[in-house]
Amino acid sequence: MERAREWLRGASTIVALTGAGISAESGIPTFRGSGGLWREFRPEELATPQAFARDPKLVWEWYFWRRGLIAAAEPNAGHYALAELEARTPHFTLVTQNVDGLHDRAGSRNILKVHGDIWIVRCLACGRESLDKRLEFPETPPRCECGGTLRPGVVWFGEMLPPDVWMAAERACVEAEAMVVAGTSAVVYPAAALAPLAKSAGARVIEVNPEATPLSGLVDCSLRGKAAEILPELVA
Ligand code: APR
C-alpha cells in the first residue's frame, strides 16, 4: 500500500477505471460476483439490442428496477476518495463502466462513461438523447415527443462504445503516470484492455478488488479489499 500511495503522490497525470464493484457498498448489485445481476438474469435477455427489439417492455421493467435501486443509493467512501484524488491531481480522468451516476454525485468532474448512463434516454426514431430521471413513465416502453420508442442510454453487449468517449479513455491511459483500477472483473472488452494499455505506456497500475482478476498478475500492485475501505486509505 505504501508504494501505491507514493506512486499516486508523485503522479501529476492519473487515470482511474471503475466497475460495478465500487458501487457494491452503496447497495447496488454487481454483475458477476455472488448476488450479481447475471446470476439472477440472463444478459442476453436484458442487455442486448435484440432483447430490446424482442421485448422492450421487459427490458424497461428491468431498467426501472435498477433506476429505483440507484435512486435510493448514496455514493460511498470509495466514490468520494476518487473525487478527492481528482481535486488534488493536476490531470485526472475517471473512466467508468458504471451507468449509475454515483461518481457524479460524489463530486467527480472529468468522467468518461464508456458504457453510457442509466439516466439518459435515446429515441430509436429521431436519435434525440435526453436526461430523464423519472422512475416510471406514463407508458412502457416510453415514447419520444416524435412518437418514436425511447431506449436506455446505455451500451449493450454487441454495441459500439461512444467513439469520442472511448478515444478520450484510451488517450488518458496512454498519458497516465499512474492508474487506479477499482471494482472491475476485467473480463468485458474493450474496457478490460485499458489497464494493459496504460501499463504498456509506462504507467504504474494499482488494482483494488476483494478478489483476483485477470489483471492481478499484470498490475504493479494488487490491493485485496473493498473499494470503500482501500481507496480512502490509498488517497489519504
Ligand atoms: N470493492 C471493490 N471491488 C468489488 C467489491 C467492493 N466492495 N465488491 C465486488 N467487487 C469486485 C468483484 O470482485 C468483481 O471483480 O467488483 C467486480 C465486479 O465485476 P462485474 O460484476 O463483472 O462488474 P464490471 O467489471 O463493472 O462489469 C463490466 O459488464 O455487464 C457488463 O456493462 C456491464 O459495465 C458492466 C461490464
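## A buried arginine

R151 counts as buried, because its relative accessibility of 5% is under the 20% that sets the limit for this class. The model is a predicted one, and in it R151 is placed in strand β6, which covers residues 150-154.

Leaving aside residues up to four places away in sequence, R151 touches F52, W60, I120, V121, R122, L124, W156 and E159. With E159, one of these residues, the side chain of R151 makes a polar contact from side chain to side chain, at 2.8 Å.

## Helix α10 and its cover

Helix α10 comprises residues 227-235, and among its residues A227, A228, I230, L231, L234 and V235 are buried. An α-helix has 3.6 residues a turn, so residues three or four places apart point the same way. The buried residues of α10 are covered by elements that include the segments α1 (2-10) and α6 (77-87), together with β7 (178-182), β8 (204-209) and β9 (221-224).

## Salt bridges

Side chains of opposite charge can pair when their charged atoms come close. In this model the count comes to 16 salt bridges. One of them joins the side chains of E145 and R128, with a distance of 3.4 Å from N to O. Because E145 lies in the loop between β5 (129-131) and β6, and R128 in the loop between β4 (116-123) and β5, the pair ties together parts that are 17 residues apart in sequence. As for accessibility, E145 is exposed, with a relative accessible area of 73%, whereas R128, at 40%, counts as partly exposed.

Another salt bridge is formed by D220 and K199, whose closest N and O atoms are 2.9 Å apart. This pair links distant parts of the chain, since D220 is found in the loop between β8 and β9 and K199 in helix α9 (residues 194-200), 21 residues apart. D220 is buried, with a relative accessible area of 18%, while K199 counts as partly exposed at 29% relative accessibility.

R143 and E139 also form a salt bridge, the closest N and O atoms lying 3.9 Å apart. R143 counts as partly exposed at 41% relative accessibility, and E139 counts as partly exposed at 40%. Elsewhere, E2, R5, E6 and R9 are linked in a network of salt bridges.

## The ligand and its surroundings

Which residues are the closest of those that surround the ligand? The surrounding residues number 21, and the closest are E25, F31, R32, T184 and S185. By class, the shell around the ligand divides into eight nonpolar, nine polar and four charged residues.

A polar side-chain atom of E25 lies 2.7 Å from a nitrogen atom of the ligand, and an N or O atom in the side chain of T184 is 2.7 Å from an oxygen atom of the ligand. In the case of Q97, a polar backbone atom is 3.2 Å from an oxygen atom of the ligand. Taken alone, the ligand exposes 730 Å², and the protein buries 91% of that area.

Conventions: Residues are numbered from 1 along each chain as its sequence is written. This is a predicted model: local features need pLDDT of at least 70, side-chain atom pairs count only at pLDDT 80 or more; totals for chains, interfaces and linings use all residues. Side-chain values use heavy atoms; hydrogens and water are left out. Buried means under 20% relative accessible area, exposed over 50%, partly exposed in between (1.4 Å probe, protein chains only). Helices (H or I, at least four residues) and strands (E, at least two) are DSSP runs, numbered from the N terminus. Contact means heavy atoms within 4.5 Å. A polar contact is a pair of N or O atoms within 3.5 Å; within protein, one must be able to donate a hydrogen and the other to accept it, and residues adjacent in sequence count only if both atoms are side-chain atoms. A salt bridge is a side-chain nitrogen of Lys or Arg within 4 Å of a carboxyl oxygen of Asp or Glu. A residue is near a molecule or strand if one of its heavy atoms lies within 4 Å of it. Accessible areas come from the Shrake-Rupley method with a 1.4 Å probe; for residues, only the protein chains shown count as cover. Ala, Val, Leu, Ile, Met, Phe, Trp, Tyr, Cys and Pro count as nonpolar, Asp, Glu, Lys and Arg as charged, and the others, Gly among them, as polar.
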